[in-house]
Amino acid sequence: MAKPEEVGLDRARLCAIAGRLRVTNANVHGVVIVRGGKLVFEQYFAGYDEPWGGDAGRYEFRATTLHDMRSVTKSVVSLLLGIALDRKLIANIDEPVTKFLPEYADVTAAGWDRITLRHLLTMSSGMQWDENLPWNDKNDEWHLVNDPDPLRYVVQKPIVFDPGTFFTYNGGGTGLLAKVIEKASGQRIDVFADEALFKPLGVHDWQLKDYRNGTPATASGLRLRPRDAAKIGQLVLDGGEWQGRRIVSAAWIADSIKPRLQALGLFGGLFYYGYQWWIGRTLVDQREVKWVAGQGLGGQRLIIVPGDQLVMMVTQGLYASGRQGQATLDLLANVVLPAVRVEDTR
């Protein structure tokens, strides 16, 4: 681990993180900060959690503890799709999704022939979908978890907007993207992910959980150590390279983190959406700082700040709270980015 001052960070500011989290009662489980490719801060805390497949309760978290990433999983699926494209397993993202799913032709709703992989990546397919309803009351995500064939449920959804015109947060679309990768690669998605992404990153302790129906939970089921999640952030920051090895093309990374749509309906509509990545900005001492993020339920936040060569991973356990994720934005704006010596920013 590098010393903060070695990479242009103010040690005293970073050392204030634990105290700030205690005062704000944020139930943060872990904070990892990397700058210039070097781990400079790592701290873990005990707290309430609802781990996938485990009991809700109080847990002790350490550097070796796997933590739910929840919807950060969607951003990883985007990376895997980019790898599949690089390997010419898929021609391009303007391919119609129905091309890869002929087994559902008899139940696919009208209009699905116009939906492409690009629309699924940007959550702008136009399908009728709502993950904000009560869990047992027509919440579409419930069907991903419980239906015997969740993708059959997804392709039966009616098309209510022209594809590419309206953002609707949608884990079903991510499930379809994962199935396309499986079809193209001939491998189950977790096998492909291990070979194509995690092993090259040196990540050997990870899980992709299944839904109750046995389908890989590609919208939300990834579990990682926070420091390994930070490796994914560094991969994006370095344009698809890890320690000099090309894992995914720089062109795919650049395309993925461009703002494509206003992300209406979530986080106050303040963020933009790329290819399964969120794009936002923070004001620090009159300096506007742009960042990219993978974001998951409960407050899981992987923040990538290209202009400051910074990655921050925060895990949290506020699954039913409107405050989830606020601790990350607070630390980013009021502690971590102010700790950057501007003259060292590159």
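This is a predicted model: local features need pLDDT of at least 70, side-chain atom pairs count only at pLDDT 80 or more; totals for chains, interfaces and linings use all residues.
I started with the open sheet: three strands in the order S5-S7-S6, paired antiparallel (strands are DSSP E runs of at least two residues, helices H or I runs of at least four, numbered from the N terminus; two strands pair if DSSP finds at least two bridges between them). S5 (67-70) and S6 (207-208) are the edge strands, each pairing on one side only. I then looked at S6 with S7 (residues 222-224), which are antiparallel over two bridges. Leu 208 has Leu 222 in S7 as its bridge partner.

Numbering runs from 1 along each chain as its sequence is written, and side-chain values use heavy atoms, leaving out hydrogens and water.

Next I checked helix H9 (residues 226-237). Its twelve residues should span 16 Å at 1.5 Å a residue, and the end C-alpha atoms are 16 Å apart, so the two agree (expected span is 1.5 Å times one less than the number of residues). Eleven of the twelve residues are buried (under 20% relative accessible area, 1.4 Å probe, protein chains only), including Asp 228 and Lys 231. Just after H9, I found Gly 239 with a positive phi of about 65°.

Technical notes:
Buried means under 20% relative accessible area, exposed over 50%, partly exposed in between (1.4 Å probe, protein chains only).
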